[in-house]
Structure formats: C-alpha cells, structure tokens
Amino acid sequence: MKYNITVIPGDGIGPEVTSAAVETLKEIGNKFGHTFNFEYSICGGAAYDKYGEPLPAESLEKCLKSDSVLLGAVGGPQYDSLPYEKRPERALLGVRKAMGLYANLRPAKLFDALANVCPLKNPKNIDMLVVRELIGGIYFGEKGIREGKFGREGYDVMAYGELEVERICRLAFELAQKRRGKVSSVDKANVLKTSGVWRKVVHDIHEDYPDVQLEDVLVDNMAMQLVRDPSQFDVIVTGNLFGDILSDLASQCVGSIGILPSASLNETTRGLYEPIHGSAPTIAGKNIANPIATILSASMMLRYAFDLKKEADALDAAVEKTLNDGARTADLAEEGKPVLGTREMTEAILKNL
C-alpha cells in the first residue's frame, strides 16, 4: 500500500523529532511492504520567517491533499510580540479548522519501565485517554479588545452548540466501549452556562451507551484527582480549554511530556498527528529532545489513519522494549541508566523494530 504523508517539521525541536518519526515509518514500510511518501510543508514560525505568514495557502493545500499530516511543533519566544493573527500558533489552529479536526485523542499510559520516573508515590496502573474537543470553545470563539469598566479589557467567548458536544461525546463513549467502559466528563457546570449545556447533552447521549459508566467531574476536582490517583480514569472527555490544560497535567503523571503522542481526527480517516510537547526552543539543535512522543504519534497515524494495526503494535512494542532495555533521554534520566540523545534513542528504537 502507498500512503501520502505531509510532514510539518515546524519550529524548535520539531525538525529533530519529526525526522525521528519519519525514520521509523520508513522502517515500518520496509518490514511490512508499504510505501510512505513524504511531502514537507512549512508552517508556524518558520513560515512567518520566510513568507510573513504562519500558514501559507500552499502549505495548507498540501495538508488537505494528503492522506494524513505529521507535525512537530510550532512557536517560540521570538514570536511573542507579533500581532495575534501572525503568531505561529495560528497555523496550528488554522490547519485544525480547515481539516475539521474536532477530536483530539491524547493517551497517557505509564510504561512499567518508567515507574521510578513517575513523580507520584506508588503509582498504580495508569492508562487513560483524554478526548478533547478541538475546534470549538474559547479558542475559536469571538475575541477582541475593548474599553471596559476598568479600562482596556480583553475578551474571549466560550460557546458550545449541542451538535459540537454530541459528536465528541459519542466518540468518547465508543472509545470507552473498546477500553474499560468508563467515561469521565469534565466541565464547570456549577458556574458556566456552557458547561450546563455540555452536561445535559452528555447525559442525553449516554442513554445510547448503557454499557458505559458515566461520571461528571468538575474541572478543578479533576486536576486534584489526576495528582491524587490518575489510575481511576479511563476515558476523559472535555472541551478545548480544559482538555489543553488537563492533558499536560496527565503527561506528568506518567513521567514526562516527552513521551505523549496525540491524534486529531475528523469524520474521515485523514488526521493530524503530533506530540503534545511544545517547540522547546531552549534545547533545539542540541540532540537532547525526546523523540518518543512523535514516534508514538506516527504509531497512532498507522492505527487510526491507515488501519495498520499490526504495524502500529510493532512500533509501540519497539518503544516499550527500548525503555525496558534501560534507554533514557534526558527528561527520563534515572541513576544507572544510559542517557541517550535524540538520534541515539531513535536508533535504539529502530534496532528493536
């Protein structure tokens, strides 16, 4: 089989980690008889530096024509003073919106080999999936600056329609049916009208999935419970803002944000796959970034975009074996274990493939 993948290296450590993922996909292709064609697209800060725009039309067109998209990271402090519409992050939001990627899947699983790296005392079996609504809510709502009661004020409108909530919740329930059968819906219904609508829709949809356990968790309590006992959660479904924050918190429960992948999906098989870590400009070009999150994002692409389950399982197993062998990058450093650079960790994973 042949698959066309658009690669957006992006900024900071993005080129390093996407290169690692491309190498592993090529090896998967060699072993399983597939051809992956890679076409590179420039977006984010790199695109602004070259074209004065974070998301050139040609770059977006490549994403829309591909079978799926692999992204590294965008952004950096040098762009913080740019006008809002010129910032690198607008490219990411623009790609998500144009591709209709309403669902962001962010798994957080504690590898047995990393139990000592987990900051929690006596961590149990942590294996959760954050299902984040991705193209609605406060990030895409009306926003601006105006004169207010206390001078100039910024405003960002959070709004969710019933259909937006329904489609993300149906996906969460369907994923839970394939896992451990539990959905935790996160909102702030005691304060926000938006969350009131969210909660009602979730409960209405739940009637179609009687085999799945549903619980409502207020977002502040969820943050506390993730620190106290993350093993209690299976599938967590929530809106854009809450999901952005909580998934980063979940990453620390399993050792490092450097090992967490993500998949952004729509109604088709085409999606966008990226690590949840940022561009990490302070370590860019130093061969110390952890490539595992991006490699596991490539695995999610194999699984969800191309329906290549055996291939995805093989890549996941290679990552786990590498960690079991004691290989660590700097963010996972343990006494007595070798600390590998980005390239060396990638080579170790390739060897285990």
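**A cysteine, its helix and the sheet**

Mentor: C253 is buried, with a relative accessible area of 4%, where buried means under 20% relative accessible area, exposed over 50% and partly exposed in between, computed with a 1.4 Å probe on protein chains only. The model is a predicted one, in which local features need pLDDT of at least 70 and side-chain atom pairs count only at pLDDT 80 or more, while totals for chains, interfaces and linings use all residues. Residues are numbered from 1 along each chain as its sequence is written, and side-chain values use heavy atoms, with hydrogens and water left out.

The sulfur of C253 has its closest cysteine sulfur in C118, at 6.8 Å, which is too far for a bond. A disulfide is a covalent bond between the sulfur atoms of two cysteines, and the criterion applied here is a pair of cysteine sulfur atoms within 2.5 Å. The structure holds zero disulfides. C63 is also buried, at a relative accessible area of 0%, and its sulfur lies 5.2 Å from that of C43, the closest cysteine sulfur, again too far for a bond.

C253 belongs to helix α8, residues 240-253; helices (H or I, at least four residues) and strands (E, at least two) are DSSP runs, numbered from the N terminus. The 14 residues of α8 reach 20 Å from the first C-alpha to the last, close to the 20 Å expected at 1.5 Å a residue, the expected span being 1.5 Å times one less than the number of residues. Buried in α8, along with C253, are N240, F242, G243, L246, S247, A250 and S251. Seen down the axis of α8, these buried residues fall within an arc of 160°, so they line one face of the helix; the arc is that of the directions from the helix axis to the C-beta atoms. Their packing partners are the strands β4 (103-109), β5 (127-133), β8 (182-187) and β10 (235-238), together with the helices α6 (193-206) and α7 (219-228), where contact means heavy atoms within 4.5 Å. After α8 comes G255, with a positive phi near 120°.

Strands of a sheet pair through backbone hydrogen bonds, either parallel or antiparallel, and two strands count as paired if DSSP finds at least two bridges between them. Strand β4 pairs with β5 in the antiparallel sense over seven bridges, with P107 opposite L129 in β5. Three bridges join β4 to β11, also in the antiparallel sense, and there L105 has A263 as its bridge partner in β11. Five of the seven residues of β4 are buried, so this strand is largely enclosed by the rest of the structure.

Strand β11 (residues 261-265) in turn runs antiparallel to β12, to which five bridges join it, and S264 stands opposite L272 in β12. Five of the five residues of β12 are buried, so β12 is largely enclosed by the rest of the structure. In a regular strand the side chains alternate between the two faces of the sheet. In β12, G271, Y273 and P275 point one way and L272 and E274 the other. Strand β3 (residues 68-73) runs parallel to β12, joined by two bridges, and the partner of L70 in β12 is Y273.
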